[in-house]
Amino acid sequence: GDSESLQRQRDREGVLALLEEGIYHPMKLQDELPIGAFLPIFEAVCRCRQDPPQIFSSINSWSPAAYDLIGRNDLAELLSLRLSPMEQRPNPTSSGSDYSKIDELITSADNDKDGLLAIEEFSATIFPDDNRVREAARLLRSSRPIFLRVPRPVELSDHDYERKKQEKLSVLCHRSISLCLGRGMLTMGTHHALSAEQLVIPEIVLAGRGP
């Protein structure tokens, strides 16, 4: 009906707005926004993944980056093949196994410093309704500053509050240091490095960031 059409239009406009703000992966917003603001955005992206705009359409056509944002890498790759060479983005080779495709995505020039984005995208393409891999990848990232949220009681002095924040940051730092073990288990067998290739080691950021 008209309400569904209006909802679809708003969802697609929201996706394009994210691209204009430089957001190429919706999970980047999870640590930046309160859960009440993040969930409607994520739900809009999921609806667009289920019902994306038709490619090669003269009306409401999207760029490959927009299809990447909603997790439809299959449509993004198909669209990239039809674009002119000047408009094409870096494209993984079509030959080879799925592992070679994952390797190309992991080493591509994106903002993924933990080597987890490719696994998220492949999982979202095959299992669009299952977010367990995406949630595991979010929990295993260590290249971003730790989001430090410490409630402050009214009776707590400034000195005690700063000490409480330091104690909370220390606990979170120990957690961040241990993330590499879980991340290694999740990404085992997904990267095939050449003997002359430099192995990219994910960063472990121990800096805190307040709300």
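## R49 and its helix

R49 sits in helix α2, which covers residues 35-50. Helices here are DSSP runs of H or I with at least four residues, strands are runs of E with at least two, and both are numbered from the N terminus. This is a predicted model: local features need pLDDT of at least 70, side-chain atom pairs count only at pLDDT 80 or more, and totals for chains, interfaces and linings use all residues. Residues are numbered from 1 along each chain as its sequence is written, and side-chain values use heavy atoms, with hydrogens and water left out.

Why does R49 count as buried? Its relative accessibility is 3%. Buried means under 20% relative accessible area, exposed means over 50%, and partly exposed lies in between, with a 1.4 Å probe and protein chains only. Leaving out residues up to four places away in sequence, R49 touches I70, G71, R72, A124, P128, N131 and R134. A contact means heavy atoms within 4.5 Å.

## Helix α2 and its partners

Helix α2 has 16 residues. From first C-alpha to last, α2 reaches 22 Å, close to the 22 Å expected at 1.5 Å a residue. The expected span is 1.5 Å times one less than the number of residues.

Which residues of α2 are buried? They are F38, F42, A44, V45, C46, C48 and R49. The buried residues of α2 pack against α1 (2-20), α3 (64-69), α6 (117-126) and α7 (132-139).

E13 is in helix α1. At 46% relative accessibility, E13 counts as partly exposed. E13 and A44 are 31 residues apart in sequence, and their C-alpha atoms are 9.8 Å apart in space.

R72 lies in the loop between α3 and α4 (73-82). R72 counts as buried, at 19% relative accessibility. Leaving aside neighbours within four places in sequence, R72 is in contact with R49, P52 and Y67. R72 and E121 are 49 residues apart in sequence, yet 8.0 Å apart in space, C-alpha to C-alpha.

## Two cavities

How many cavities of 30 Å³ or more does the structure hold? There are two. A cavity is a set of points, on a 1 Å grid over the protein atoms alone, where a 1.4 Å probe fits but cannot get out; lining residues have an atom within 4 Å of a point. Grid points are joined across faces, edges and corners, and a volume is the space filled by probe spheres set on the points.

The largest cavity has about 40 Å³ of space. Its lining is H25, P26, D68, L69, G71, E120, E121, A124 and R134. Both α3 and α6 supply at least two residues of this lining. The largest share, three residues, comes from α6. By class, the lining of the largest cavity has three nonpolar, two polar and four charged residues. Ala, Val, Leu, Ile, Met, Phe, Trp, Tyr, Cys and Pro count as nonpolar, Asp, Glu, Lys and Arg as charged, and the others, Gly among them, as polar.

The second largest cavity has about 30 Å³ of space. R49 is one of the residues in its lining, along with E120, S123, A124, D130, N131 and R134. Helix α6 gives the largest share here too, with three residues. One nonpolar, two polar and four charged residues make up the lining of the second largest cavity.

## S123 in α6

S123 is found in helix α6. S123 is buried, with a relative accessible area of 14%. Not counting residues up to four places away in sequence, S123 touches P128, D130 and V133. S123 and D130 are among the residues that line the second largest cavity.

## The whole chain

The chain has eight helices and two strands. From the N terminus on, the order is α-α-α-α-α-α-α-β-α-β. Of its 211 residues, 33% are buried. Among contacts with a separation of 6 or more, 60% join residues 24 or more positions apart.

## Confidence

The mean pLDDT of the chain is 75, and 81% of its residues reach 70 or more. pLDDT is the predictor's confidence in each residue, from 0 to 100. Where is confidence lowest, and where is it highest? Helix α5 (residues 98-106) is lowest, at a mean of 43, and helix α8 (residues 158-187) is highest, at 87. Over residues 84-110 the pLDDT is below 50.

How values were computed. 1 Å grid on protein atoms, 1.4 Å probe; cavity = no way out; pocket = protein on both sides within 12 Å on 5 of 7 lines; lining within 4 Å.
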